[in-house]
Every structure is written in structure tokens, then in C-alpha cells.
Amino acid sequence: PQTDLVFLKVHKSASSTVMNILFRFGERHNLTFAFPLGGGFQLSYPNHFLARFVQGFSPSSPRRFNILCHHMRFLQPEVQKVVPSSAVYFSILRNPVQLMESSFVYYKGTSAFSRVRSLEEFLSEPQRYYNPSSGDSHYARNLMTFDFGFNPDGEVSAERVQLTLKAIEASFDFLLISEYFDESMVLLKEMLCWDLDSVVSFPLNIRDNSTKSPLPDTIVEKIKAWNRLDWEIYTHFNRTFWERIDRDIGRERLRREVKALRERQAQLARTCLQGTGSVAPKDIKDSSLRPLQHGSARILGYNLKQGLDKAMEHTCRRLVTPELQYTSALYKKQFAPKTP
């Protein structure tokens, strides 16, 4: 199994769920994480990543960490200073149309979105509300392009698009697609030589449907045009994702493995969870399992069944622990003061 990993956590793309998978794997195998300095939750985002943003890194005696997975703006030469040269690099992408709709709700307080009532209003004349020099402008345009380290306001020439795609391909071993999450987990398992239980998950950091609304076609086309670089990245890597599946797994085995994964997840949900699944924040009984609420989204969480045996309770709790709480627990464990 691969234990040296770089996961570029792209915003609003099911990346918190992938991160939970990495946290559980790392904890089970006693791996080290490249945590943000001082126990924060982001690696000095939205600045480009620097090795010195990592707790415990020092240029004089460079320490290598097994897993780098917190929010960062990718810069490979700096990333290479904190992980072993054998590390596997991967990320996850989401359709830019849904990504922008999600960002609008989640980051409603940012400068580009705060003065408009709706995404429609913003897209009717984006240049009126969007200022590329604002410190938070990246949430409003080509967010994936930005997270990968490129300029979200760059011109969209065929040449530039090709250079961007080639640069991503040169840095990353594979990219997952959030719309095909279970298929992505089968590919992840295959690429990392992991077992099925290592890639099971419950969806984390998802918002309830009351804040979601279907987008009319005119808006969809405007979002694609406004996020043209993201659209080019997504369509290219959605295609190569399926090429990789066909080459390395095949559709027949993919179907079998996705079925096995879903059955295992359903079994764990029956064992672990009260009710049938996620619940509204106000209904989460254990405050330590309540996810951070952000913007005008309502982020759902889970209630665990009572009376589980100790080992099962631990397994179940880890599956539903939100990102911030899990980060804090692992950070404390990794940097616990040494007993004399």
C-alpha cells in the first residue's frame, strides 16, 4: 500500500470526504501529516504553498511527512520539500457549474458575492461585482484553476489551456471526479493498492437540499463561460478519468467494485448511524460531531447509535468526525509533548 501521499484539496468538490479517508488511513497506519503551522486548518491559503507553512518543518533538517492534504494553493517545488520523492499526487475535480453554485452559497460573504441577491444577478454583469485584486476574488472565478496554482484571470487561448493541462498532468498521478465519487474511490484503491475498507466513507461537509436550486440553461452557459479555464480542466480530466478506468480496471470490474463499496457503506451506516443518514446541524446530539457552519449553507452531520462496543464506536466516530475536529485530534496526537 502507498503511504506517501499529496492530496490537493480543491474547494467544494467532496474533498472533505476524501480527507476523512486519508485521516483514517494515516491514523490506522501511524503516518505523519504535514499540518498547518500552529494547528491551523489551512496551509496559509490563499497564498501559494511554502514548506515553512508546515508545523515541524525546518530547512536545516528537512523532515519528510507522509501525507499532505490540507487546503493549499499548489506549488510543487515547495511541496517536494516536505514529502518523500516517492509520494503519489492526486486531486479531485467537480463540474464547474455545480462548483460555482456551491461557492456562491458557501462564500456569500466574499466581496464578489456579498452585494448581489442571487447567482443570476452576479452573472448578469460579473465585472461589476468582481474585482480580481480583492484578496477573496478567487472564490468567484475559476476556483479550481486557482487551487492548482494558476492565474484564474488568465486569457483563455488554446495554447494557454494546453500548457495548464500539461502542467497538471506533469505534477499529478491521477485526478478523481466528484460526480463519480464511488467510481473515484475504486480508482483510488487501485492506484494506491489499498483495501476496500480503506476507501469507505460517509459524505461529509455536505449541505442540505433546502439551499440548493436547479439552474436554468442560460445560467449554466454563463457559468461555463465565466469559469472557462475550470471548464477546460474539468472536461479534459473527466475524459482521462474514464480512459484510466478502462485501461486499469475495466467497466465490468468497476461495476462489481462499486457495488461492493456501496454494500459495505450501507452495512456501516446500519451499524453506526441513528436513523437513515445525515441530519440538520440543530439535530446533532453530540456537539463534538457538529460540522462548521459557513455562509448561508446548512452543513449536515450525523448521530451515532448508542451502545456500540468500544472498537466499533471508534470506527464509527472516525467516519463521521468533521474535518476541523479530526485535524485537531490528529495534530494533538502527532505533536504531543514527549513524556520525560
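**Pockets of the predicted model**

Helices H1, H11 and H12 (310–320) each contribute at least two residues to the lining of the second largest pocket; helices (H or I, at least four residues) are DSSP runs numbered from the N terminus. The model is predicted, so that local features need pLDDT of at least 70 and side-chain atom pairs count only at pLDDT 80 or more, whereas totals for chains, interfaces and linings use all residues. Residues are numbered from 1 along each chain as its sequence is written, and side-chain values use heavy atoms, with hydrogens and water left out.

A pocket is an open set of points on a 1 Å grid over the protein atoms alone, where a 1.4 Å probe fits, with protein on both sides within 12 Å along at least five of seven lines; lining residues have an atom within 4 Å of a point. The second largest pocket has a volume of about 280 Å³, volume being the space filled by probe spheres set on the points, which are joined across faces, edges and corners. H12 gives the most to this lining, with five residues. The lining includes Arg24, Asp197, Arg264 and His314. It comprises four nonpolar (Ala, Val, Leu, Ile, Met, Phe, Trp, Tyr, Cys and Pro), six charged (Asp, Glu, Lys and Arg) and two polar residues (the others, Gly among them).

The largest pocket holds about 1000 Å³ of space. Of its 47 lining residues, Lys12, Ser16, Leu204, Asn205 and Ile206 are the closest to its centre. Two or more lining residues come from each of H1 (15–28), H3 (96–106), H8 (181–192), H11 (251–272) and H13 (323–334). H3 gives the most, with four residues. By class, 20 residues of this lining are nonpolar, 17 polar and ten charged.
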